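Me: Can you take me through this one? I'd like to go chain by chain and then look at some of the packing.

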Amino acid sequence: MTMRGLKLLSMVAALAAALGAGAFAFSSTGDGWTAQERNQIASLSLKTLPALAPDPSNPVAEDPRAATLGEALFFDTRLSGNGKVACSSCHLPERQFQDGTPLGKGLGQTARRTMPIAGTAHSPWLFWDGRADSQWAQALGPLESAVEHGADRTSLARLMVANYRDAYAELFGPLPAVDELPAQASPLGSPAQISAWDGMTDADRTAVNRVFANIGKAIAAYERHIMPSASRFDRYADALATGKSPHGILTPDETDGLRLFIGKGNCVNCHNGPLLTDFHFHNTGVPSRADLPADSGRAQGAQKVALDPFNCLGQFSDAAPSDCAELKYMQAEGEELLRAYKTPSLREVAKRSPYMHAGQFGSLRQVIAHYDAAPHAEAGHSELQPLGLTDKERESLVAFLQSLDQE
Amino acid sequence: MAAILNRVALLWLLLAGVTIACGVAAAAMMMSPPKDLDLSLRQSSAGGAYKIVLEPGTDPVPLRQIHSWTISVTTPAGVPVDGAVIAVDGGMPQHGHGLPTKPQVTKELGHGRYLLEGVKFNMSGWWKLSVRVNGTKGTDEATFNLVL
């Protein structure tokens with residue numbers, strides 16, 4: 001190559017560098033974020049969380065007396081087959097209302113990871129597979145599960161009469177007579193309990209179902225206002241949104257992680273909005289556990305919620321059918337539902353290992369390695385694409401996720 | 001010798017620069033919709049049978065909230081088409097997934113207008129909506145792009 005050639009090459013290089021720098025200067029402000037990135041970061045701040053919409057399916061949702069009753073029920077171990085299991089046994093208040101173990105443990109062991117409660121009043125679907133469509137319908141599931149509370153509907157009605165008669169009556173009217181009812185009856189219980197349930201009159205079954213639903217509605221009134229608290233990330237996002245300097249609120253590593261979170265990592269596709277969840281279901285190729293029964297995720301959850309007598313359109317819901325748009329227009333079939341699980345909120349996620357719907361991953365590093373590798377789903381189709389992250393980038397993402405802890 | 005080394009180094013530098021530039025472009029492509037998308041909410045159906053206009057019931061179109069749209073159908077000459085059967089489907093072409101809900105036309109509003117309920121978008125980016133109309137001029141379909 002001649003000197004002239006070298007000179008030409010240098011000029012091309014200089015021009016390319018100048019163009020690159022120019023583009024950066026035009027699209028960015030002093031903090032290094034483009035306007036679009038700033039908007040995206042602002043949209044994740046807890047400050048943008050809208051006011052909680054009313055729950056027309058639950059007339060006591062905003063009644064403080066219901067929240068008081070619900071709180072008492074939440075911590076009451078008598079709501080179980082052996083007198084030892086309360087909601088709070090797995091939803092521990094001091095641990096973000098979850099238990100820190102891969103699978104929940106009540107009378108036996110569940111097949112899923114216990115979910116935290118904060119912010120779930122904003123979610124149209126509850127449970128990993130969305131098999132309930134309200135907080136109150138969700139609360140009923142574990143009560144009758146043989147491996148969780150192991151309770152039954154007539155025992156629960158009797159327990160309400162014996163211990164919560166006045167508090168219940170104030171909210172829902174008088175409890176039904178329970179003396180003549182079978183000792184233990186439930187449509188979902190043991191063969192003996194199912195047989196006892198089948199032997200009851202329609203009127204008795206409806207009366208007991210109503211008490212059962214109202215237990216859930218009181219618990220929901222308590223859970224409804226359990227919300228996440230602001231984190232260091234929120235302080236950063238708010239500073240950025242109001243034109244103040246966010247400098248020093250996040251470390252350079254955390255800022256790098258945030259950039260990956262809203263960019264190359266594709267995390268924000270699903271973990272969007274102030275609760276860092278789109279409230280929807282996705283197959284991300286998370287492996288099943290060999291020790292658990294086959295689990296089709298949302299595919300089964302959608303079928304279950306459609307048939308749930310305690311759903312928004314059911315006779316124990318106070319909502320008008322027009323209030324039940326999520327259920328009416330639910331996507332209930334298709335391959336996309338297979339092994340799809342609800343996007344969890346990432347608020348305080350770093351203090352909430354293990355991860356995924358059956359606690360498959362013990363650390364955030366493992367979670368990020370999974371998203372980076374994007375393995376094929378064992379059933380259905382994973383939405384992930386391999387990310388090609390460097391070791392440093394994976395560490396930055398972990399650092400960013402830690403900035404979501406409450407301050 | 002020094003000059004040759006410089007040349008080799010410079011070539012490597014350039015190659016590295018081009019590689020980085022391509023990488024940045026690829027990363028940007030993962031998130032950005034194509035630039036030449038037709039974002040008009042007024043479209044002619046593929047076979048030319050209908051003109052279809054979409055109108056979101058909530059402006060701006062919300063994320064993560066279920067909401068309604070209005071669909072207006074006319075002939076190319078502008079005559080409203082009533083009594084049509086309309087099906088709506090869609091998804092995110094860059095993500096390979098469909099709509100999170102199953103929107104449905106629930107009411108005829110008159111003058112070729114229809115209420116579409118149960119629309120929801122759960123993420124930002126490029127969405128495609130296809131509107132299939134079975135009416136007086138047969139079955140025809142129009143596709144709409146939406147960037148949220």
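Me: How much of chain B is buried?
Reply: Buried residues are 24% of the 148 residues in chain B. Keep in mind that this is a predicted model.

Me: And what is chain B made of?
Reply: Chain B has one helix and nine strands. From the N terminus on, the order of elements is α-β-β-β-β-β-β-β-β-β.

Me: What share of the chain B contacts between residues at least 6 apart in sequence join residues at least 24 apart?
Reply: In chain B that share is 59%.

Me: OK, sheets. What is the strand order in the five-stranded one?
Reply: The order is β1-β2-β3-β7-β6 in chain B, an open sheet with antiparallel pairing. The edges are taken by β1 (42-44) and β6 (104-110) of chain B. Each has a single partner strand, so one side of each has no neighbour in the sheet.

Me: How far are neighbouring strands of that sheet turned against each other?
Reply: By 25° on average, with direction ignored.

Me: How many bridges between β6(B) and β7?
Reply: Five bridges, in the antiparallel sense, with strand β7 covering residues 113-119 of chain B. One pair to look at is B:Gly110 with B:Arg113, the latter in β7(B).

Me: What about the sheet with four strands?
Reply: That one is also described as open, with the order β5-β4-β8-β9 in chain B and antiparallel pairing. Here β5 (97-98) and β9 (138-147) of chain B are at the edges. Each pairs with a single strand, so one side of each is left without a neighbour in the sheet.

Me: Which residues do β4 and β8 cover, and how many bridges do they share?
Reply: In chain B, strand β4 is residues 85-92 and strand β8 is residues 126-135, and they pair antiparallel over seven bridges. B:Gly90 is opposite B:Leu129, which lies in β8(B).

Me: And how many bridges join β8(B) to β9(B)?
Reply: Ten bridges, with the two strands running antiparallel. β8(B) and β9(B) form a hairpin, with two residues between them. B:Gly135 has B:Gly138 of β9(B) as its bridge partner.

Me: Switching to chain A. How many helices and strands there?
Reply: Chain A has 16 helices and two strands. Its C-alpha trace spans about 105 × 45 × 40 Å along the principal axes.

Me: What fraction of chain A is buried?
Reply: 45% of the 407 residues in chain A are buried. Of the chain A contacts with a separation of 6 or more, 71% come from residues 24 or more positions apart.

Me: How do α2 and α10 of chain A pack?
Reply: Helix α2 (residues 35-42) and helix α10 (residues 232-241), both of chain A, pack at an angle of about 135°, with their axes 9 Å apart.

Me: Why call them oblique, then, and not roughly antiparallel?
Reply: Roughly antiparallel needs an angle over 145 degrees. The angle between α2(A) and α10(A) is about 135°, and they are therefore oblique to each other.

Me: Left-handed or right-handed crossing?
Reply: The crossing of α2(A) and α10(A) is left-handed. α2(A) contributes A:Arg38, A:Ile41 and A:Ala42 to the contact, and α10(A) contributes A:Ala237, A:Leu240 and A:Ala241.

Me: How do the residues of that contact divide by type?
Reply: In the contact of α2(A) with α10(A), five are nonpolar, one is charged and none is polar.

Methods:
Residues are numbered from 1 along each chain as its sequence is written. Chains are lettered from A and ligands numbered from 1 in the order in which they are written. This is a predicted model: local features need pLDDT of at least 70, side-chain atom pairs count only at pLDDT 80 or more; totals for chains, interfaces and linings use all residues. Axes are lines fitted to C-alpha atoms, for helices over the stretch in contact, and angles run from 0 to 180 degrees between N-to-C directions. Angles under 35 degrees count as roughly parallel, over 145 as roughly antiparallel, 65 to 115 as roughly perpendicular and the rest as oblique. A crossing is left-handed if the near helix is turned anticlockwise from the far one by less than a right angle, and right-handed if clockwise. Two residues are in contact if their C-beta atoms, placed from the backbone, lie within 7 Å. Ala, Val, Leu, Ile, Met, Phe, Trp, Tyr, Cys and Pro count as nonpolar, Asp, Glu, Lys and Arg as charged, and the others, Gly among them, as polar. A residue is buried if 20 or more other C-beta atoms lie within 10 Å of its own, exposed if 12 or fewer, and partly exposed in between; C-beta atoms are placed from the backbone. Two strands pair if DSSP finds at least two bridges between them.
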